[in-house]
Amino acid sequence: MNEKVKKIQIVSILIFLAAVIFLLSFILTKNRKQTPKSDANSEKLILGFSQIGSESAWRTRNTQSIFEAAAENDIQIIFDDAQQKQENQLKAIRSFIVYQVDVIAFVPIIEDGWDNVLTEAKEAGIPVIVVDRQINADESLYAGFLGENGLEEGRRAARFLVNKCKSYKNPVHILEISGTENSSVVRERAKGFREIIANDSKFQIIHSEDGDFLRSRGKEIAENLIKLSGPGTGTEKNEIGTRAGSPNYKKDGLYYNNQKIDAVYSHNDSMTLGLLDSIENYGINTKDTIIISVDAEQKSIDALIAGKLNCVVECNPNLGPMLMHLVKQIASGKEIPRITYNNETVFSENDDFTQYEPRGY
């Protein structure tokens, strides 16, 4: 009987000790998330980072910049490539929460649909930084935004066009190739562009089409316009037929609904380069077409130097150093600005090309 009592006592003690250990572990874990890391703390910061994909040289460089800066700042990254799907990003952010990373950063594919997962992060005590593209969500759910000023990029593109066409008397017909639908950068680049050209009625956007920021879509959009342009002169038919396998395309420029396109405003370099692919494949003469792009990848700068583009508005992908600065600020218990814009410039046909430095992407 005494042995049975002793066994019961031992089991009770073990259960009590296990409960104490579990309670202490829970308290320590909770405190770890709520207590800012000090500089004296040698534990490496962990950043959970979700990227939308690798659809362009710009995006690849953006990811590289973040990894390079993380290594320089001794910050560990848990990385996820969403492959252009929001559902993948939602899963990734939830996995970061389970892993209990110190900070979450992500590039949102689209603006909406983030409230629930950001609420989960907030309840877990994990701050979130939105990178590159902005979101529609309660501002209390994330620490801040780091990226480009899409509105100003659109304005810069329009200012170049307005200045280029200041002596034009006739209407200026504009083709706009926009990026991924429902993304903040598309809305802002479109809004900023329209804000400037609205001051002069001669500027008319006669067609706007979603190119999803992809080179293949830019090529497809231009090809469709060329095929629907209708027949040109007899000479043009023969020349185009030789290159494109059909005689029924106008060669003296791009057209939409029989209106000649005077200017192209493309929301990113990948789509612009796709447009140039089709122009070259079909032998279209766009010497008099003003073509403006956004991003400033090396290939678009090369096209600018070659006279194939007129203006390239920079969207700087090198967000890594600033992101790591913000991550360390948050981890030390400090607030960060609601919005942090990266430094950007404009390249144009009026520049001294010998002053250009290699872009590196």
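Mentor: Let us begin with charged pairs, for the structure holds 22 salt bridges, the term being used when a side-chain nitrogen of Lys or Arg lies within 4 Å of a carboxyl oxygen of Asp or Glu. This is a predicted model, in which local features need pLDDT of at least 70 and side-chain atom pairs count only at pLDDT 80 or more, while totals for chains, interfaces and linings use all residues. Residues are numbered from 1 along each chain as its sequence is written, and side-chain values use heavy atoms, with hydrogens and water left out.

Trainee: What makes the pair of Arg189 and Glu148 a salt bridge?

Mentor: The N to O distance between their side chains is 3.9 Å, and the definition asks for a nitrogen within 4 Å of a carboxyl oxygen, so the pair qualifies. This pair links distant parts of the chain, since Arg189 belongs to helix α6 and Glu148 to the loop between β5 (144-147) and α5 (150-164), 41 residues apart; helices (H or I, at least four residues) and strands (E, at least two) are DSSP runs, numbered from the N terminus.

Trainee: Are these two residues buried or exposed, and how do you know?

Mentor: Arg189 has a relative accessible area of 2% and Glu148 one of 4%. Buried means under 20%, exposed over 50% and partly exposed in between (1.4 Å probe, protein chains only), so both residues count as buried.

Trainee: How do you know which class Arg194 and Glu176 fall into, and how far apart are their closest N and O atoms?

Mentor: Their closest N and O atoms are 2.7 Å apart, and the two residues form a salt bridge. Arg194 lies in helix α6 and Glu176 in strand β6, so this pair ties together parts that are 18 residues apart in sequence.

Trainee: Which parts does the salt bridge of Asp277 and Arg215 tie together?

Mentor: The side chains of Asp277 and Arg215 meet at 2.9 Å, N to O. Asp277 lies in helix α9 and Arg215 in helix α7, so the bridge joins parts that are 62 residues apart in sequence. Arg215 is partly exposed, its relative accessible area being 34%. Salt bridges also link Glu152, Arg155, Arg156, Arg159 and Glu195 in a network.

Trainee: What makes a group of residues a nonpolar core, and how many residues has the largest one?

Mentor: A nonpolar core is a set of buried Ala, Val, Leu, Ile, Met, Phe, Trp, Tyr and Cys residues joined through side-chain atoms within 4.5 Å. The largest has 30 residues, and those with the most contacts inside it are Leu254, Val264 and Leu275. At least two residues come from each of β6 (172-178), α6 (184-197), α7 (215-227), α9 (269-281) and α10 (298-305), with α9 giving the most, 5 residues. Apart from this core lies another, of 25 residues, among them Ile66, Leu146, Leu326 and Val327.

Trainee: Which residues does Leu275 touch?

Mentor: Leaving aside residues up to four places away in sequence, Leu275 touches Ile177, Gly218, Lys219, Ala222, Leu254, Val264 and Ile291, where contact means heavy atoms within 4.5 Å.

Trainee: Why are β7 and β14 called edge strands?

Mentor: The open sheet has 6 strands in the order β7-β6-β10-β11-β12-β14, with mixed pairing. The strands β7 (203-210) and β14 (346-348) each pair on one side only. β12 (residues 311-314) and β14 run antiparallel and are joined by 3 bridges; pairing takes at least two bridges found by DSSP, so these strands pair.
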